[in-house]
Amino acid sequence: MSGGSMNYLYSQLEDKSYMLEDRELIEFAEDFAQLLHDCEWYHSGDTDRERYLKTVKEFKDKWFKSDRNERLARYINEIYDNAKRECLELIGGETQNVTLVDEYGYEKHLTISSDRADDSG
């Protein structure tokens, strides 16, 4: 048999997890979908109990035993790194001086480089 004992519930969760619009919840849903996948395949006879129990242990270790603050710090670093890479792509170089003007006309001068963004006031 090929899956199906749970009507491919894992696939529905995988397909719609992005709708949660929250990195932590999306990652949780994706990991839970993997758990449902292995559960379904185990109950359908496509994999063995040991594989399913290994997935259960990995899921529980990650979501019930790990430090949430470390996970949140990882998300923040990913967001920052992606934003920095996107900004560098916009300016087309490694280092660029940028002047931002807010809605009141105040200027903010930044030096953006692949290493960091320096705020010069």
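Contact, throughout this tour, means heavy atoms within 4.5 Å. Among contacts in the protein chain between residues at least 6 apart in sequence, 43% join residues at least 24 apart. The model is a predicted one, in which local features need pLDDT of at least 70, side-chain atom pairs count only at pLDDT 80 or more, and totals for chains, interfaces and linings use all residues. Residues are numbered from 1 along each chain as its sequence is written, and side-chain values use heavy atoms, with hydrogens and water left out.

**The whole chain**

Select the protein chain and colour it by secondary structure. It has four helices and three strands, in the order α-α-α-α-β-β-β along the sequence. Helices (H or I, at least four residues) and strands (E, at least two) are DSSP runs, numbered from the N terminus. Of the 121 residues, 23% are buried, that is, under 20% relative accessible area with a 1.4 Å probe, protein chains only.

**Helices H2 and H3**

Next, select residues 23-43 (H2) and 49-65 (H3). Their axes, which are lines fitted to C-alpha atoms over the stretch in contact, come within 8 Å and cross at roughly 165 degrees. Helix H2 is therefore roughly antiparallel to H3, a term for angles over 145 degrees on a scale that runs from 0 to 180 degrees between N-to-C directions. Show the side chains at this contact: Phe28, Phe32 and Leu35 are among those from H2, and Tyr52, Val56 and Phe59 are among those from H3.

**The nonpolar core**

Which residues make up the largest nonpolar core? Select Leu35, Cys39, Tyr52, Val56, Phe59, Trp63 and Tyr75. A nonpolar core is a set of buried Ala, Val, Leu, Ile, Met, Phe, Trp, Tyr and Cys residues joined through side-chain atoms within 4.5 Å. Helix H3 gives the most to this core, with four residues.

Now centre the view on Trp63. Leaving aside neighbours within four places in sequence, Trp63 is in contact with Glu24, Glu27, Phe28, Asp31, Arg71 and Tyr75.

**Helices H2 and H4**

From H2, Arg23, Glu24 and Glu27 meet residues of H4 including Arg71, Leu72 and Tyr75.

Definitions and conventions
Parallel < 35°, antiparallel > 145°, perpendicular 65-115°, else oblique. Buried < 20%, exposed > 50% of the residue type's maximum accessible area, 1.4 Å probe, protein only.
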